[in-house]
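Subject: Structure for you to look at, with notes

Dear colleague,

I am passing on a structure that you have not worked with before, and I would be glad if you read it alongside the notes that follow.

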Amino acid sequence: MREDFKVVHLVSTDSGGAYRAANRINMALKQNGVNSSIVVLEKKHMDSPVIDVLNNKIELVLFKILRKIDSFRIKRMKLTSYIYISSLGVDLFRVREIKDADVINIHWVNDGMLSYNGLKKLCNSGKIIVWTMHDMYAFTAGCYYDKSCGRYAQNCNNCPLVSKTRNGQRYISEMYSKKKAAFEGHISFIGCSRWMTSCAERSQLTKHHILKTIPNPIETDIFLPIEKGKARTFFPEIPNDDKRIVLFGAMSSTSDPRKGYQYLIEALNCISNKDAYRLIVFGGPQNYMIPVDIECISVGPIFDDKILAALYSLSDVFVAPSVQENLSNAVMEALACGTPTVAFAIGGMADMIEQKVTGYLAIPFDSKDLAYGIQLCSSNKKILSPSCREKVCKEFSSERIGRLYKEFYLQER
């Protein structure tokens, strides 16, 4: 492969956590001199620097109708919301950037962007195909998190996420087989955390392919510590007093059980001196009130990274009580802003959180231990903060991660 090779990243839409991570990788590659771009199925934000496949309004309407029909089929199969199927798909090779690419990097391609046949076509195209695993979908029959069942290692037999009917289980088996057939071409996989890579090493779908761990990067010039006085100017609704600020937030933070919202409530209820704390929630509905005896302020969704960095900087501790998690964007953002983080010792959390150095890893799923970590870190932010920032700058900078991706692509030629 020539040194001026072209990379295209595939993401279904220009919003959400997978897109944020993919765009950061895209920008990191550009900083390392690589010709890199992003192709999405459907553009949600007109100012996004992406190429959209469905840019014809009539075509987009027809596709959405097909997607609704497909969604009805999924409901009839009684598949849970954790499972995606890949029956729909579009011809990606009609996009010039994909035809001209030397490397195609898959990120999140559900919602009808890539079918099993389309995936097979990619893997047999002669191009370098890399799948960055932001969740478990690449090596399962269709779920993006398996709720710790681990059955992807045995062909996803007896899947607990579908009905126990013969049709439901047969359908899961068929999806697993179709994905396995698609992977018979050339494809390699990148885990964003050591945990994700270790899971892929056990799956019959991915264990025989090249697997490597490369974390997601972060913009350390955007996510950085901001002086509290300046940070407060963005949030006049947060009182200026001596209360310790506990921050919690994620996409669907209060509605997705995987984010561990229930453990946060239990942990906060374990804290004795509740009057000394204030909980701030972002990412959920505006003015959402969490049922605890600690003062709670909801600031709603935040779409400006600089304002988000101010919120992290204003907080004394960030809590990420997820029950399954790869490499959390939010955790990395908080650490980059010098804010220690508390989480359960699961998934990729240990890749970012060093015990009592950059935060606290609580015993899964011990709410009392989570509460202990919240109290410990929030009272020691000044001590822990420099280590948090140093950890991110050393291991997750755009310059470093872009270089690792570039080297990986060159090794795959």
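Which residues are buried in H12? Please keep in mind that this is a predicted model. The buried residues of H12 are Lys-381, Leu-384, Ser-385, Cys-388, Arg-389, Lys-391 and Val-392. They cover an arc of only 160° around the axis, which puts them on the same side of H12. On the other side of the helix, Ile-383, Pro-386, Glu-390 and Lys-394 are exposed. The cover over the buried residues of H12 includes helix H9 (305-314), helix H10 (329-336) and helix H11 (367-378).

Within strand E8 you will find Arg-244, which is partly exposed, with a relative accessible area of 28%. Although Arg-244 and Arg-278 are 34 residues apart in sequence, their C-alpha atoms are 6.1 Å apart in space. Leaving aside residues up to four places away in sequence, Arg-244 touches Ala-276, Tyr-277, Arg-278, Asp-316, Gln-375, Ser-378 and Ser-379.

Turning to another sheet, seven strands form an open sheet in the order E3-E2-E1-E4-E5-E6-E7, and the pairing is parallel. Strand E3 (51-52) and strand E7 (211-213) stand at its edges, each with a single partner strand, so one side of each is left without a neighbour in the sheet. Inside this order, strand E1 (residues 6-13) and strand E2 (residues 35-42) pair in the parallel sense over seven bridges, with Thr-13 standing opposite Glu-42. Helix H13 (residues 398-411) lies across E1, strand E4 (103-108), strand E5 (128-133), strand E6 (188-191) and E7, and runs at about 140° to E5.

How values were computed: Residues are numbered from 1 along each chain as its sequence is written. This is a predicted model: local features need pLDDT of at least 70, side-chain atom pairs count only at pLDDT 80 or more; totals for chains, interfaces and linings use all residues. Side-chain values use heavy atoms; hydrogens and water are left out. Buried means under 20% relative accessible area, exposed over 50%, partly exposed in between (1.4 Å probe, protein chains only). Helices (H or I, at least four residues) and strands (E, at least two) are DSSP runs, numbered from the N terminus. The arc is that of the directions from the helix axis to the C-beta atoms. Contact means heavy atoms within 4.5 Å. Two strands pair if DSSP finds at least two bridges between them. Axes are lines fitted to C-alpha atoms, for helices over the stretch in contact, and angles run from 0 to 180 degrees between N-to-C directions.
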